[in-house]
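Q: Please take a close look at one helix of this model and at what surrounds it. A single connected account, with the cut-offs behind each term, would be appreciated.

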Amino acid sequence: MARELLRSLGDNLRGIAPAVQESIDRLAQQPVVHDQEVTHAFQIASQAVQEAGFGGMLVIIDEFGKFLEFASQHPDVEDLFVLQHLAEMAERNSPPVVLITVLHTAFSEYLHTLDKSRRLEWQKVQGRFTNAPFLEPHEQLIQLVGAAIEKGLPADLAERYQTHVEHIIQSDAFSEAAKRLRLDGMLHKCTPLDPFTALILPPLFRS
């Protein structure tokens with residue numbers, strides 16, 4: 001994770017602070033990278049971007065669960081303390097550095113394969129972050145499905161689909177769903193998916 005953070009940092013400094021970028025690239029190529037070196041690299045980078053006219057740095061680690069999976073499977077290779085040190089640096093650094101990790105599963109879900117001492121260490125790292133859970137509503141996910149479908153149906157077939165959808169929505173099977181969701185319009189956009197299929201997609205892929 002430390003090396004990937006440095007590589008990404010170097011890539012984003014390209015054209016902004018070439019000298020700092022080259023120094024960080026060299027550090028990322030070293031066989032061993034220490035936590036303090038990573039933290040120092042981000043401090044130097046934050047100063048460089050401020051001198052270039054920016055107000056600070058926003059660091060987003062997407063798919064952070066992949067790093068956690070690797071760390072849980074290779075505890076002797078990957079150490080999460082680099083993240084704790086980065087979080088501590090970001091909290092007090094000037095210019096500001098905002099550090100965000102994106103997880104699609106709760107942090108605790110990655111702890112079950114670890115021994116007790118390792119779990120305690122990971123919980124200390126987690127404690128440096130503020131948890132901000134976000135769960136997309138069903139309506140948003142159904143609308144996303146509808147927007148992703150490229151429609152090219154013949155007019156007569158499209159009309160038959162619309163009639164089918166309207167009939168299904170008005171049936172007793174959809175009475176409970178209609179109380180909680182704005183079905184009219186949303187499910188029409190999901191054709192040629194059957195309304196039942198479109199409705200169960202969000203909970204199916206969320207589980």
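A: The buried residues of α4 are covered by elements that include β1 (57-61), α5 (81-92), β2 (97-101) and α6 (116-126), where contact means heavy atoms within 4.5 Å. Helices (H or I, at least four residues) and strands (E, at least two) are DSSP runs, numbered from the N terminus. The model is predicted, so that local features need pLDDT of at least 70 and side-chain atom pairs count only at pLDDT 80 or more, while totals for chains, interfaces and linings use all residues. Residues are numbered from 1 along each chain as its sequence is written, and side-chain values use heavy atoms, with hydrogens and water left out.

Helix α4 spans residues 64-73, and its buried residues are Phe64, Gly65, Leu68, Ala71 and Ser72. Buried denotes under 20% relative accessible area, exposed over 50%, and partly exposed the range in between (1.4 Å probe, protein chains only). Because these five positions cover an arc of only 120 degrees around the axis, they lie on the same side of α4; the arc is that of the directions from the helix axis to the C-beta atoms. On the face of α4 turned away from the buried side are the exposed residues Lys66 and Gln73.

The loop between β1 and α4 contains glutamate 63. Its phi is near 50 degrees, a positive value in a residue other than glycine. Most residues other than glycine have a negative phi, and most peptide bonds are trans. Glutamate 63 counts as partly exposed because its relative accessibility is 38%.

In the loop between α5 and β2 lies proline 95, and the peptide bond joining serine 94 to proline 95 is cis, with omega about 5 degrees. A further cis peptide bond, from threonine 191 to proline 192, has omega near 15 degrees. Proline 192 is located in the loop between α10 (183-186) and α11 (195-206).

In summary, α4 has buried residues that include Phe64 and Leu68, and it carries exposed Lys66 and Gln73 on the face turned away from them.
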